[in-house]
Amino acid sequence: MIKHSSLTTEQMACVYAWLAQLFSRERDDDSLALLQSSEMAEWFAVLKGEPSLEAEVLQLEEKIAALQVREDATLELAADFCSLFLMSEKHAALPYASAHLEGGPNYGVIKRLLGKVR
């Protein structure tokens, strides 16, 4: 179920684009530093202004803060990325369009989800 949002369609598109970029590749030291920057704190403050996103953004901020005390944060994120996106289709959310082609095992689910967004 999609929650009611006070964000415009363009603003939601921006949020979706940011999330797509965030999960598009493994985080390196530079991109991790960016996530921990004051600029990102400002972005998170904007997102928390949307009631339907506040709890999730707070949780994301907590996870990012926890990474600051880990010496192996980049390695840990790489392992998480692998387990989320690079395993077999039965054990991961494959980020490849070809995994969701018509007739594929995930096609109906993806089509239904995208239909709800409209």
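**Salt bridges, core and a loop residue**

Analyst: Let's start with Asp72, which has 33% relative accessibility and counts as partly exposed. Buried would be under 20% relative accessible area and exposed over 50%, with partly exposed in between (1.4 Å probe, protein chains only). This is a predicted model, so local features need pLDDT of at least 70, side-chain atom pairs need pLDDT 80 or more, and totals for chains, interfaces and linings use all residues. Residues are numbered from 1 along each chain as its sequence is written, and side-chain values use heavy atoms, with hydrogens and water left out.

User: OK, what does the side chain of Asp72 meet in a salt bridge?

Analyst: That would be the side chain of Arg70, at 2.9 Å from N to O. A salt bridge here is a side-chain nitrogen of Lys or Arg within 4 Å of a carboxyl oxygen of Asp or Glu.

User: Is Arg70 buried, partly exposed or exposed?

Analyst: Arg70 is partly exposed, at 37% relative accessibility. Glu76 is partly exposed too, with a relative accessible area of 28%.

User: How many salt bridges are there in the whole structure?

Analyst: Three. Helices (H or I, at least four residues) are DSSP runs, numbered from the N terminus.

User: And how exposed are Lys48 and Glu61?

Analyst: Lys48 is partly exposed, at 26% relative accessibility. Glu61 is partly exposed as well, with 23% relative accessible area.

User: Switching topic: which residues form the largest nonpolar core?

Analyst: There are 10 of them: Val15, Trp18, Leu22, Leu35, Met40, Phe44, Leu47, Leu53, Val57 and Ile64. A nonpolar core is a set of buried Ala, Val, Leu, Ile, Met, Phe, Trp, Tyr and Cys residues joined through side-chain atoms within 4.5 Å.

User: Which elements give two or more residues to this core?

Analyst: Helix H1 (9-22), H3 and H4 do.

User: Take Val15, then. What is Val15 in contact with, leaving aside its neighbours within four places in sequence?

Analyst: Leu7, Trp43 and Leu47. Contact means heavy atoms within 4.5 Å.

User: One more. Where is Phe23?

Analyst: Look at the loop between H1 and helix H2 (29-35), and you'll find Phe23 there. Phe23 is partly exposed, at 42% relative accessibility.

User: What does Phe23 touch, not counting residues up to four places away in sequence?

Analyst: Phe23 touches Phe81 and Phe85. In sequence, Phe23 and Phe81 are 58 residues apart, while in space their C-alpha atoms are 8.0 Å apart.

User: Nice, I'll look for that pair in the viewer.
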